[in-house]
Amino acid sequence: MESRSAAVSKKELLDQKNAEAELGGGENRIQAQHAKGKLTARERISILVDKGSFEEIGRFVMHRSKDFGLDKEHYLGDGVVTGYGKVNGRLVYVFAQDFTVFGGSLSETHAEKICKLMDLAMKNGAPLIGLNDSGGARIQEGVLSLAGYADIFYKNTLASGVIPQISAVMGPCAGGAVYSPAITDFVLMVENTSYMFVTGPNVVKTVTHEEVTSEELGGAMTHATKSGVTHFVSANEVECLLSIKKLLSYMPQNCEDDAPRYPYTPGDELRPALNTLIPENANQPYDMREVITELSDPDSFFEVHEHFAENIVVGFSRIAGRSIGIVANQPAVLAGVLDIHASQKAARFVRFCDCFNIPLLVLEDVPGFLPGTDQEWNAIITNGAKLLYAFCEATVPRITVITRKAYGGAYDVMNSKHIGADMNFAWPSAEIAVMGASGAAEIIFKREIAQAENPAEKLQEKIDDYTQKFTNPYRAAHRGYIDEVIYPDQTRAKLIRAFEMLENKVDVLPKKKHGNIPL
Ligand code: HXC
């Protein structure tokens, strides 16, 4: 009888501990979390992963600190829920910081839990998802906490390019804590409830005398539009978690895997709308997203960095069920010119796709690089080189379609044949030249025009001449720089075949420790 009651009490003890762990920092703090419009760590995980699939690791871990009253305050789990589960049936590793426990602050043991999870994710080759909501370093622990952060940064870096790493910032993320999300592949933020900054509004005021709110300084829209730190902005937490699920659907589990293929039934691939999309006047804008929609499988385009550097559009899509990454100049914004931010945005995306075997499609309509002191002094040279370097280095299948302008250095940079693209198509409306006809005529016929009886007439004559010779895709096609000039309505069919043809592409870079991308 005695041993039986002892067994019951052991079970009760486990029940009790489990219930305690579930509650994190307790009912009051959970209510406070909800009152801020935020979910708890466990609620977030349950929305993210497939129902019933989550297995927690380290649920009873407690901190070992004794300073500043910590010896009397312990919470099971120590402010972070870690474990593994499935998203759309595929394995993921998840950590979710629990703001109800010491403000989700990172202690030595909290960091150890995250690092243990990262090791598992690496060894087993599955994505790591971090749901961040933390007051930063556990102040009472001092350097132990800083060491914990550094351990995470180090592992984030080692994992980069091996497994996809996704960070959702769903509350505060300040100080050096921002550098873990920054190293990961994608950052998501929630409007009005999350912020990221290296130094907060108070320090900013002291040092620079600027008055700025947390939201203005480091809120979701700030990082979506101004800094580009965040790739996605959601109106609320549920939307944010659903975006993570969607994002994962385009990715493989690791760098040795392929992205999942989606069902696709071959049908009529003609897209007549593309025949009339390019305006008669080459200076008129059009929306490149319309081209993307026509070329993609229905509802499959998922834009990344939607609000940042809108003169270039990047995102995931599917063509005949295959996951691809799209990089497209956007003539509707700044005529689709390449500038510093556009180059950074596209370069980062190209590198992600190349890390994870996602083929690239480039849609090109680019008048060149943006001129001006602002661009030159802020290093358009180095930043433009990032995009060039990223394309040159990419070994995934790479296809370009030139819809209209392909001018100057931008022609080379935007996945030209010369830097390793596999298939280069052009529409009949393509203009491939060093520069636009009027600029070119003014420079090379300057003297002849000045000496002409009627300079305006002469200029027009030279423009017409240059236009006739160069403002078309045929010179490039004669040389083989363009593999085929295609009818716009046939573009989707061409892409389906070309990506299928390139499916088993193998391309190996020269042996090296690592390259030195212009940072
Ligand atoms: C320990 C912390 C904490 C921290 C918050 N708490 N931050 N405990 N270390 N860093 C605790 C609070 O004491 C409180 O405990 C509970 O979490 C909730 O905090 P509140 O202040 O009540 O919440 P709120 O008003 O929402 O404000 C959240 C906050 C604020 C803005 C994050 O707590 C704050 O400013 N915290 C300090 C942030 C900070 O300076 N961190 C260090 C940054 S430097 P109770 O018991 O009352 O519930 C850093 C370096 C990293 O992180 C370096 C890496 C290289």
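These entries record what I looked up in a predicted model of one protein chain.

**Basis.** I number residues from 1 along each chain as its sequence is written. As the model is predicted, local features need pLDDT of at least 70 and side-chain atom pairs count only at pLDDT 80 or more, while totals for chains, interfaces and linings use all residues.

**Overall.** I found 20 helices and 17 strands in the protein chain; these are DSSP runs, helices being H or I of at least four residues and strands E of at least two, numbered from the N terminus. The C-alpha atoms fill a box of roughly 110 × 60 × 45 Å along the principal axes.

**Domains.** I noted domain 1 (2-248), domain 2 (272-434 + 472-501) and domain 3 (437-470), with bounds from an automatic or database domain assignment. The centres of domain 1 and domain 3, over C-alpha atoms, lie 63 Å apart.

I traced an open, mixed sheet of seven strands in the order 1-2-3-4-5-7-9; strands pair if DSSP finds at least two bridges between them. Strand 1 (55-57) and strand 9 (232-234) are at the edges with a single partner strand each, so one side of each has no neighbour in the sheet. Strand 1 runs antiparallel to strand 2 (residues 80-87), joined by three bridges. One residue I checked there was E55, whose bridge partner in strand 2 is Y84.

**Ligand.** I counted 16 residues around the ligand, the closest being G103, G135, G136, G175 and G176; a residue is near if its C-beta atom, placed from the backbone, lies within 6 Å. Helix 5 (143-159) and strand 6 (172-174) are the elements that give two or more residues to this shell.
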